[in-house]
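Dear colleague,

Please find the structure below, handed over for your own work.

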Amino acid sequence: MRGYGDLMECVFVDRAEAGMRLAERLAGIRDPVVLALPRGGVEVAEPIVRGLGGVLDVLVTRKIGYPPSPELGVGAIAEGGEPVFDLRLLDRLGLTPDALAEDVAAERHELARRVAAYRGHRPLPDLA
């Protein structure tokens with residue numbers, strides 16, 4: 001977050017306070033569109049939108065895990081996009097993106113389920 005001074009060095013009581021402090025730093029921005037990652041990110045984004053106005057929505061993403069140890073992320077996918085992989089890590093693990101096709105399909109399915117749960121059939125806001 002270049003350009004926001006000591007904000008990165010601050011300690012906050014909770015995510016809501018972090019959002020309020022960030023809103024103070026962003027004062028003057030008009031009609032922002034704030035996309036938050038579900039759950040923790042929404043708690044930061046909500047006070048920003050409350051302070052600045054604008055639109056709050058979620059951007060749903062899913063980690064693509066290493067099959068023997070799914071907590072190790074080897075890639076990610078976001079709604080409406082193609083998977084992105086850490087190709088260096090895949091190479092070190094002896095994997096290819098094609099080898100993860102079943103995992104990607106499962107994460108796409110879960111991604112679609114979560115998009116429907118969080119947003120229904122409403123599209124992402126226009127970011128143009």
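Arg-119 counts as buried, because its relative accessibility is 5% and the cut-off for a buried residue is under 20%. Please bear in mind that this is a predicted model, and that the values below were computed from it.

Two salt bridges of Arg-119 deserve a description. In one of them, Arg-119 pairs with Glu-79, and the closest N and O atoms lie 2.6 Å apart. This pair links distant parts of the chain: Arg-119 belongs to helix H4, while Glu-79 sits in the loop between strand S4 (69-78) and strand S5 (84-85), 40 residues apart. Glu-79 is likewise buried, with a relative accessible area of 17%.

Asp-57 also forms a salt bridge with Arg-119, and here the closest N and O atoms are 3.2 Å apart.

In total, the structure holds 11 salt bridges. One of a further kind of setting is the pair Glu-43 and Arg-15, whose closest N and O atoms are 3.8 Å apart. Glu-43 is in helix H2 (residues 40-52) and Arg-15 in helix H1 (residues 15-25), so that distant parts of the chain, 28 residues apart, are linked. Glu-43 is partly exposed, at a relative accessible area of 44%, and Arg-15 is also partly exposed, at 46% relative accessibility.

I now turn to the sheet. It is an open sheet of 3 strands in the order S3-S4-S5, with antiparallel pairing. Strand S3 (61-66) and strand S5 stand at the edges; each has a single partner strand, so one side of each is left without a neighbour in the sheet. S4 and S5 run antiparallel and are joined by 2 bridges. Ala-76 stands opposite Val-84 in S5. Helix H4 packs on this sheet and touches S3, S4 and S5, its direction making about 155° with that of S3.

With kind regards

Technical notes
Residues are numbered from 1 along each chain as its sequence is written. This is a predicted model: local features need pLDDT of at least 70, side-chain atom pairs count only at pLDDT 80 or more; totals for chains, interfaces and linings use all residues. Side-chain values use heavy atoms; hydrogens and water are left out. A salt bridge is a side-chain nitrogen of Lys or Arg within 4 Å of a carboxyl oxygen of Asp or Glu. Helices (H or I, at least four residues) and strands (E, at least two) are DSSP runs, numbered from the N terminus. Buried means under 20% relative accessible area, exposed over 50%, partly exposed in between (1.4 Å probe, protein chains only). Two strands pair if DSSP finds at least two bridges between them. Contact means heavy atoms within 4.5 Å. Axes are lines fitted to C-alpha atoms, for helices over the stretch in contact, and angles run from 0 to 180 degrees between N-to-C directions.
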